[in-house]
Amino acid sequence: MSHPLFTADHKFDSYWLDGAPYANPPVSDVPAEVDVAIVGSGFTGMVAALVLVREGRGVAVFDAGDAGVGCSSRNGGQCGGGLKGGIEDLSADYGRAKALAMLQDARASLDFLTATIEQENIDCDYDHCGRFVGANTPRQYDEMLRGFEISNREFGTESYGVSKADQRQEMGSDLYHGGGVIPHHTSLDPAKYHRGLQAMVLEAGAVIYAHTPVTNITPNSTANGGAGFTVTTSRGTVRAGKVIVATNGYTNREQTFPALRRRVIPIGSYMIATEPLEPGLMDILIPRNRVLNDTRRVVLYFRSSPDRRRIVFGGRVALAETDPVVSGPRLHDIMSNIFPEVSNVKISHSWMGFVAYTFDKLPHLGVQDGLHYAMGYCGSGVAMASYLGHKIAHQVLGNSEGHTAFDDVKFQTRPFYDGQPWFLATAVSWYKFLDSIGR
């Protein structure tokens, strides 16, 4: 029996798929040989493929499911250019010069995303809307303003604070203790963006194999064909000169990559979309069409749909992974606490996807066991996945354009970790406790 908060025609799948359903290319035989095989058909894989094929390389992209089935079509469509750590935390770990370089790369990721969408004319409801971040405590509001002072000085951003008294200019809620506006952040429809990239990749000459899991990758030797790799898939084997692993939050499900699986932490992120709101209500709740989130550790993120008819709301609602049947009503309760006006609005879509965190909360790219990889976007993957897809492709080509500030940062793991985050429930419990006391 369905929960009464669900509409009669509700879907347990991404809202974005209504406007941009999966578009798997026709099934074909795998090639005997390619220059580069890419495992994973999300943003990272698509951008990497586009770079490589335009440089004249033969490229085959493989995905165990539909093309773009992972978080590339399941995220909130919020696009920022930052990292989980601020400049002070990063400076303590890596030195100020390195910290600034990392943050500059993060800022460049959003510039790259904007340029790609505009230059390639991708129709994906891209909006230079800005972001509002609600402060859960007065102390966090003050910390936010200090962070803005640094970022504005170092990077020329124009972020600014909004007091609690003026908060309703940005969002129709009194829950937060003021907040901050980051004007250069953007939004898009992630499924439309992915389908645009996919269309360009196919037009340029790459081949995409959906529902074709990679089951093994072995280095070639003189005895079995020379340099490169033999890639075994469900449709046959392919000899590839180079391989890019672009599986991000789904890496732990690819038993082919044990070393990489030990370095990313898959975390389910859960979302809902509401049924259409009454006319005019969105102008009260999200008057400036910003993307929104808050300062809690177990973060919430929400926005208007591009047509300003629905709220798209996401976050973490359970210690362990759960089901969209369960997560939908829980997210609705949290949303209604922020916006009481929607407490009787029903849920039309409830879904989830896996993001990939890392132990140092940084994205990573490089080479592991001869395989190129880019992953670990820590929940901020729309811009960074696109950017590092571009960068890892240029590293495969041996171009200086592939250089990033993350190249020489060790991709950490931990003893006894095999890709299954047994510690996640404990960590989420601790973060929820810190949120409850405003730390």
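Contact here means heavy atoms within 4.5 Å. By that rule, and leaving aside neighbours within four places in sequence, leucine 83 is in contact with Leu90, Met102, Leu103, Ala106, Leu362, Pro363, Met384 and Phe406. The model is predicted.

**Nonpolar cores**

- In soluble globular proteins, nonpolar side chains tend to be buried together.
- The largest nonpolar core has 56 residues, and Ile38, Leu52, Leu83, Leu113, Leu188 and Tyr193 touch the most other members.
- Two or more residues of this core come from each of strand S2 (33–39), H1, strand S3 (59–62), H2, H3, H5 and helix H9 (381–397).
- The most is given by H9, with 10 residues.

**Helices H1 and H5**

- Two packed helices are described by the angle between their axes and the distance between the axes.
- Helix H1 spans residues 43–54 and helix H5 spans residues 190–204; their axes come within 9 Å and cross at roughly 25°.
- Angles under 35 degrees count as roughly parallel, so H1 is roughly parallel to H5.
- The crossing in which H1 passes H5 is left-handed.
- On the H1 side, the contact is made by Phe43, Met46, Val47, Ala49, Leu50, Val53 and Arg54.
- On the H5 side, Pro190, Tyr193, His194, Leu197, Gln198, Met200, Val201 and Ala204 take part.
- Sorted by class, the contact of H1 with H5 holds 12 nonpolar, two polar and one charged residues.

**Helices H2 and H3**

- Helix H2 covers residues 87–94 and helix H3 covers residues 96–120, and their axes come within 7 Å while crossing at roughly 130°.
- H2 and H3 are therefore oblique to each other.
- H2 passes H3 in a crossing that is right-handed.
- From H2, the residues Ile87, Glu88, Leu90, Ser91 and Tyr94 meet Arg96, Lys98, Ala99, Leu100, Met102 and Leu103 of H3.
- The contact of H2 with H3 consists of seven nonpolar, one polar and three charged residues.

**Helices H3 and H5**

- The axes of H3 and H5 are 12 Å apart, and the two helices pack at an angle of about 60°.
- H3 and H5 are therefore oblique to each other.
- The crossing in which H3 passes H5 is left-handed.
- H3 brings Leu113, Thr116, Ile117 and Glu120 to the contact, and H5 brings Tyr193, Leu197 and Met200.
- Five nonpolar, one polar and one charged residues make up the contact of H3 with H5.
- Tyr193, Leu197 and Met200 are also on the H5 side of the contact with H1.
- Leu113 and Tyr193 are listed with the residues that touch the most other members of the largest nonpolar core.

**Residues in strands**

- Valine 207 lies in strand S9, which runs over residues 207–209.
- The relative accessible area of valine 207 is 31%, so this residue is partly exposed.
- Valine 207 and valine 59 are 148 residues apart along the chain, and their C-alpha atoms are separated by 6.5 Å.
- Apart from neighbours within four places in sequence, valine 207 is in contact with Ser28, Val59, Ala60 and Val61.
- Methionine 271 belongs to strand S13, residues 265–274.
- With a relative accessible area of 1%, methionine 271 is buried.
- Not counting residues up to four places away in sequence, methionine 271 touches Arg74, Asn75, Gly76, Tyr301, Val312, Phe313, Gly314, Leu331, His349, Ser350 and Trp351.
- Methionine 271 and aspartate 9 are 262 residues apart in sequence, and their C-alpha atoms are 17 Å apart in space.

**Residues with positive phi**

- Arginine 308 is not a glycine, although its phi is positive at about 60°.
- Arginine 308 sits in the loop between strand S15 (300–304) and strand S16 (311–315).
- The relative accessibility of arginine 308 is 23%, so arginine 308 counts as partly exposed.
- Cysteine 378, also not a glycine, has a positive phi of about 55°.
- Cysteine 378 is in the loop between strand S19 (371–375) and H9.
- Cysteine 378 counts as buried, at 2% relative accessibility.

Notes: Residues numbered from 1 in each chain as written. Predicted model: local features only at pLDDT ≥ 70, side-chain atom pairs only at ≥ 80, totals over all residues. Heavy atoms only, no water. Axes fitted to C-alpha atoms, helices over the stretch in contact; angles between N-to-C directions. Helix = DSSP H or I, 4+ residues; strand = E, 2+ residues; numbered from the N terminus. Parallel < 35°, antiparallel > 145°, perpendicular 65-115°, else oblique. Left-handed = near helix turned anticlockwise from the far one by under 90°. Nonpolar A, V, L, I, M, F, W, Y, C, P; charged D, E, K, R; others polar. Core = buried A, V, L, I, M, F, W, Y, C linked by side-chain atoms within 4.5 Å. Buried < 20%, exposed > 50% of the residue type's maximum accessible area, 1.4 Å probe, protein only.
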